Amino acid sequence: MRYKFFTNSERTWHAMFEAISNAEKSIYLEMYIFANDMIQYDFLLLLKEKAKKGLRVRIILDSFGSINLKNEVIARLRESGAEVFFVSFFFHRAHRKILVVDESRAFLGGVNLSQQFRFWNDLVMEIKGGRLVRHIIRSFAKVYNECGGGDPKILSQNQPIILDKTRTWLIEHFPIRKKFNLKKVYKEHLNRAQESIILVTPYFAPQRWLVKALHQAVLRGVKVEALVSKNTFVPVIYHLIDRVNYFYMRKLSRLGVGFFIDPTTNHAKVMIIDGKEGIIGSQNLDFLSFDFNNEVGVFLKNSKAVRKLLAIIKNWKKNTSVFDFKNYKPTWFDYILSPFISLFSRIL
């Protein structure tokens, strides 16, 4: 397997734009947020040009995440020959981020397509050739089929994925189909960690099972660390998410989990167990990802790949500060908001 990691939005966009520009046969794109505001990397224009040249351009977007994409833009894209589908389920979001070019080169991770994310740190894995790319295509084909896509080339690949768990495999997470594979993988590996657990997440609102797994790991003598952004975003709703993040960081910090606060916005989603196994993907550590959103991740046992992930996180940690729960005093509002989020997740 040939692979490469990209550690921020702009580097990812550059590589994806280059891949699409050089595409000769097909482009499959599945994205949560896709906005028509890209200045240097006009993906919409490029996709339209490729479709006009006869390439098979197939696009799947989330109806909420890409709500700002105007109807006339979508219409022009479809007129060029591209297929565009919107996924819409009550409380269930299509949160996956996948790009496959010419069925030989795939990108998977946390990066969305909107100018507002330009300066974010993030993590995306590019894979060239091999079984994993074929698995990603089959995963895309499942969603494409459910959206009503008619391309027989893609539909013929809508087959069960046979997982080879010796080194690397794809984790598909479809709560709407009652397939909670991410939760299963996280539980299994957190509970058997012996030395260390490293987490990177922009949103930290753990459910009871995750709090329990992390606390039990600490009690076993496992070193548990998490890198979380100081601030997630600007709008009011993200300010509330920041408050939830800090509330739960204080709670887990008192139980022995070490937190590192990244002054930049870090949107990466990573878990590394004992320095030997790693997961990257589109999932956050909150109830939405584990119970409601369609997500996708890659599980790695490749020692070289895991070492690269560790090096990336080590580099990010250089600019972080250690969270001290003694210096954070939650307000009465935090004591109402955070338990309400937790209760809301259980009710749903």
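This is a predicted model: local features need pLDDT of at least 70, side-chain atom pairs count only at pLDDT 80 or more; totals for chains, interfaces and linings use all residues.
Helix axes here are lines fitted to C-alpha atoms over the stretch in contact, and the angles between them compare N-to-C directions.

Take helix α2 (residues 43-52) and helix α3 (residues 71-79) to begin with: their axes come within 8 Å and cross at roughly 25°. Angles under 35 degrees count as roughly parallel, so α2 is roughly parallel to α3. On the α2 side, the contact is made by Leu 44, Leu 47 and Lys 48, and on the α3 side by Val 73, Arg 76 and Leu 77. Sorted by class, the residues of this α2 and α3 contact come out as four nonpolar, no polar and two charged.

Helix α2 also packs against helix α1 (residues 9-21), this time at an angle of about 15°, with the axes 10 Å apart. That angle makes α1 and α2 roughly parallel to each other as well. The crossing of α1 past α2 is left-handed. From α1, the residues taking part are Trp 13, Met 16, Phe 17, Ile 20 and Ser 21, and they meet Phe 43, Leu 46, Leu 47 and Lys 50 in α2. The tally for the contact of α1 with α2 is seven nonpolar residues, one polar and one charged. Leu 47 of α2 turns up in the contact with α1 and in the contact with α3.

Helix α6 (residues 181-192) and helix α7 (residues 208-219) pack at about 15°, and their axes are 9 Å apart. With an angle like that, α6 is roughly parallel to α7. Here, too, the crossing is left-handed, with α6 passing α7. Helix α6 brings Lys 183, Tyr 186, Lys 187, Leu 190 and Asn 191 to the contact, while α7 brings Trp 209, Leu 210, Ala 213, Leu 214, Gln 216 and Ala 217. Split by class, the residues where α6 meets α7 are seven nonpolar, two polar and two charged.

Beyond the helix pairs, some individual residues deserve a look. Glu 225 is found in strand β10 (residues 223-229). Its relative accessibility is 13%, and buried means under 20%, so Glu 225 counts as buried. The side chain of Glu 225 makes a polar contact of 3.4 Å with the side chain of Lys 223, and another, of 3.0 Å, with the side chain of Lys 317. Setting aside neighbours within four places in sequence, Glu 225 is in contact with Ile 197, Ile 198, Leu 199, Gly 258, Phe 260 and Lys 317.

Another glutamate, Glu 195, sits in the loop between α6 and β9 (196-201). Leaving out neighbours within four places in sequence, Glu 195 is in contact with Val 222, Lys 223 and Asp 274. Glu 195 and Asp 122 are 73 residues apart in sequence, and their C-alpha atoms are 26 Å apart in space.

At 14% relative accessibility, Asp 274 counts as buried.

Glu 103 has a positive phi too, near 55°, and is likewise not a glycine. This residue lies in the loop between β5 (98-101) and β6 (105-109). With a relative accessible area of 21%, Glu 103 is partly exposed.

Glu 103 is also one of the residues touched by Gln 157, which has its place in the loop between α5 (152-155) and β8 (168-173). Not counting residues up to four places away in sequence, the contacts of Gln 157 are Glu 103, Ile 137, Arg 138 and Ala 141. Gln 157 is buried, at a relative accessible area of 16%. Its side chain reaches the backbone oxygen of Lys 153 at 3.3 Å.

How values were computed: Residues are numbered from 1 along each chain as its sequence is written. Side-chain values use heavy atoms; hydrogens and water are left out. Axes are lines fitted to C-alpha atoms, for helices over the stretch in contact, and angles run from 0 to 180 degrees between N-to-C directions. Helices (H or I, at least four residues) and strands (E, at least two) are DSSP runs, numbered from the N terminus. Angles under 35 degrees count as roughly parallel, over 145 as roughly antiparallel, 65 to 115 as roughly perpendicular and the rest as oblique. A crossing is left-handed if the near helix is turned anticlockwise from the far one by less than a right angle, and right-handed if clockwise. Contact means heavy atoms within 4.5 Å. Ala, Val, Leu, Ile, Met, Phe, Trp, Tyr, Cys and Pro count as nonpolar, Asp, Glu, Lys and Arg as charged, and the others, Gly among them, as polar. Buried means under 20% relative accessible area, exposed over 50%, partly exposed in between (1.4 Å probe, protein chains only). A polar contact is a pair of N or O atoms within 3.5 Å; within protein, one must be able to donate a hydrogen and the other to accept it, and residues adjacent in sequence count only if both atoms are side-chain atoms.
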